[in-house]
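This report walks through a two-chain model, from a single residue out to the interface. Please keep the sequence and the coordinates at hand.

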Amino acid sequence: MDTAAQHAASTIDPKAAIRAGKGDDQAFNQLYDQSSTVLFSLALRILGSREEAADILQEVYVDIWKRAVRYDVGRGTPIAWLITLTRSRAIERLRASDPQLRRQTTLTEGTDHTAIPRKFESPADQALRTVISKTLEDLPKTHRQAIELAYYEGLLPAEIATRLDLPLDAVMTRLKLGMSQLHESLHTYWEQDLSA
Amino acid sequence: MRHQDLEDTVPFYAIGALEKIERQALEAHLLSGCVPCHTRLKEYQSVAVALPFELRLVPPPRHLKAKIMDARTLPLSTEETANPSAKPSLEPGEWMNHLFPPSPTSTPSFGWILSMVLLVVLGMVTFLSWNSSPQDTPTADRVAELQTQAVEAQAKLTTLRQQLKEREESLSLTREELQRRITELAEVKDQLIQREAELDDLKSHLPPQRTRPTPLP
């Protein structure tokens, strides 16, 4: 990874994101370097294919450059906007894919990809990773599964209930409690971060 | 649905786990200007977008950046008109999109232009082939008649060219007008988003209500 890529994805400068969408080549390069690894990891987790994930990233970044999509501070932080954009496009592609392929994707996810050693992550991203990982680990397994099926596979509660062989109400409760726990942990982390 | 019922659906909305009817109900509620629900949504959206940071990080292929840089130089119309359905159903701020009518699509008909061109070419070919046919004993009258016909054909060709040019100019103006309106719509949308952000800022200054920071992400 180059130096720019070591900057945290979670701390992308909003001004740089705006400039990238206005044709500033340097800002666009910086945006790519800071965000592409997280976005690629997300698209790969959803689609299970490096080629498909790369396609999604290309679509997102080219649309930013060509102003088909535009970042605005009212849409949260740049990485939040990019993640939402990437997720929605990857989920849409997943839904359009062959159901059999989807199943295979789910079964083979995360088996043969080369991960970046954590020592190369920026401190800010590492801290966020620690908080979110710890909270997810502390959740009961079905809570975590329900959240992951919703977020990474775009499943609705009824579909999750079928997948996990649980009543719909149980799934709703697990999603709600899981999200609430994540909210609480992250909120505490962010408040500490701000006070520090 | 009551406010409380709608507020309870916010975490599900943030994670994309809400049925269409409930989603639409919540979006309508948000559009009505419910500040608590909007604040809650922002908080839970921050939670949702933090989830990918837990993933094992995998770098994109080395060639991808160069490929993207190259793809930036392709004409805009080629990619965007080729696959208009590629737009995701729920992008950031998308819940406001139904305020805007679908953008008018620019579908200029070049059929009649092509027909005109073909007609002109056909006329010229017919004229030339007839003109070049063996004339063993051309009289002065015949030559004059042919010359007259040639002049007439030339005049028709000029007229058709003029019509084509006018039509092209008209299409160009129409395209510019459409582009202008699309830009205006985008600006109005941006203004709405800005108002939304301002509303959040105002709310954060209200003393009795405790706001929760959403610094990441």
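## A buried alanine

Apart from neighbours within four places in sequence, A:Ala17 is in contact (heavy atoms within 4.5 Å) with A:Leu31, A:Tyr71 and A:Pro78. A:Ala17 sits in helix H1 of chain A, residues 14-20. Helices here are DSSP runs of H or I with at least four residues, strands are E runs of at least two, and both are numbered from the N terminus. The relative accessibility of A:Ala17 is 3%, so the residue counts as buried. The cut-offs are under 20% relative accessible area for buried, over 50% for exposed, and partly exposed in between, with a 1.4 Å probe and protein chains only. From A:Ala17 to A:Ile79 the C-alpha distance is 9.2 Å, across 62 residues of sequence.

## Basis of the model

This is a predicted model: local features need pLDDT of at least 70, side-chain atom pairs count only at pLDDT 80 or more, and totals for chains, interfaces and linings use all residues. Residues are numbered from 1 along each chain as its sequence is written, chains are lettered from A and ligands numbered from 1 in the order written, and side-chain values use heavy atoms, leaving out hydrogens and water.

## Nonpolar core

The largest nonpolar core has 85 residues. Such a core is a set of buried Ala, Val, Leu, Ile, Met, Phe, Trp, Tyr and Cys residues joined through side-chain atoms within 4.5 Å. A:Leu82, A:Ile83, A:Ile160 and A:Leu175 touch the most other members. Helix H2 of chain A (residues 25-47) gives the most to this core, with 12 residues.

Which residues does A:Leu175 touch, not counting those up to four places away in sequence? In chain A they are A:Ala146, A:Ile147, A:Ala150, A:Pro157 and A:Ile160. In chain B they are B:Phe12 and B:Ala17.

## Salt bridges in chain A

The structure holds 16 salt bridges over all chains. The rule asks for a side-chain nitrogen of Lys or Arg within 4 Å of a carboxyl oxygen of Asp or Glu. A:Glu52 pairs with A:Arg93, with the closest N and O atoms 3.0 Å apart. A:Glu52 lies in helix H3 (residues 50-65) and A:Arg93 in helix H4 (residues 78-96) of chain A, so the pair ties together parts 41 residues apart in sequence. A:Glu52 is partly exposed at 31% relative accessibility. A:Arg93 is partly exposed at 24%.

A:Arg89 forms a salt bridge with A:Glu59 at 3.3 Å between the closest N and O atoms. This pair also runs between H4 and H3 of chain A, so parts 30 residues apart in sequence are tied together. A:Arg89 is buried, at 4% relative accessible area.

## Chain B

Chain B has 8 helices and 0 strands. Buried residues make up 31% of its 217 residues. Of its contacts with a separation of 6 or more, 71% join residues 24 or more positions apart.

## The interface

Chain B and chain A bury about 6600 Å² between them, 65% of it on carbon and sulfur atoms. Buried area is the accessible area (1.4 Å probe) that two parts lose on being put together, summed over both. The contact takes 59 residues from chain B and 77 residues from chain A.

Across the interface the rule finds 4 salt bridges. A:Asp25 and B:Arg72 meet in a salt bridge at 2.7 Å, N to O. On the side of chain B that touches chain A, helix H4 of chain B supplies the largest share, 8 residues.
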